[in-house]
Amino acid sequence: SSVLNKECELCALSQSDIDTSLITQEVKGYKIGKLSSIRSAIEPLRAAYAFDVIQKGYKIQFKPRNSASVAIVEASDLAAIKGGSE
């Protein structure tokens, strides 16, 4: 979480804008070259440490992928069905 906090801080996000409390994995080292966005800095970390970035209210939350599901969407709800309204 400290790496994510620092990266967000470099992009003018304050601690009140983000929530990294669920991220507990340790990063041994991380070097960033010249980047065009915060996303390009965080994407390699997301791939290596399996977490997602979501909007929760007015905050950006970093959440491990092994977290519990918040909802189940049935297959029948994924596409338009015959006789459905537009």
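Which residue just after α1 takes a positive phi? In this predicted model, that residue is Ala12, with a phi of about 70°. Residues are numbered from 1 along each chain as its sequence is written, and side-chain values use heavy atoms, with hydrogens and water left out. Because the model is predicted, local features need pLDDT of at least 70 and side-chain atom pairs count only at pLDDT 80 or more, while totals for chains, interfaces and linings use all residues.

The secondary structure comprises two helices and three strands, taken as DSSP runs (helices H or I, at least four residues; strands E, at least two) and numbered from the N terminus. Along the sequence the pattern is α-β-α-β-β.

The three strands form an open sheet in the order β1-β3-β2, with mixed pairing; two strands count as paired if DSSP finds at least two bridges between them. The edge strands, each pairing on one side only, are β1 (18–19) and β2 (51–56). Strand β3 (residues 59–64) pairs with β1 in the parallel sense over two bridges, whereas β2 and β3 run antiparallel and are joined by six bridges. Ile60 of β3 is the bridge partner of Ile18 and also of Gln55. A hairpin is formed by β2 and β3, with two residues between them. In its turn, Gly57 has a positive phi of about 65°.

Helix α2 (residues 38–49) lies across β2 and β3 and runs at about 120° to β2. For such angles, axes are lines fitted to C-alpha atoms, for helices over the stretch in contact (heavy atoms within 4.5 Å), and values run from 0 to 180 degrees between N-to-C directions.

In helix α1 (residues 2–10), the buried residues are Leu4, Asn5, Glu7 and Cys8, buried meaning under 20% relative accessible area and exposed over 50%, with partly exposed in between (1.4 Å probe, protein chains only). These four lie on the same side of α1 because they cover an arc of only 165° around the axis, the arc being that of the directions from the helix axis to the C-beta atoms. Ser2 and Leu10, on the other side of α1, are exposed. The cover over the buried residues of α1 includes β1, α2, β2 and β3.

Over the whole protein of 86 residues, buried residues make up 17%. Of the contacts between residues at least 6 apart in sequence, 47% join residues at least 24 apart.
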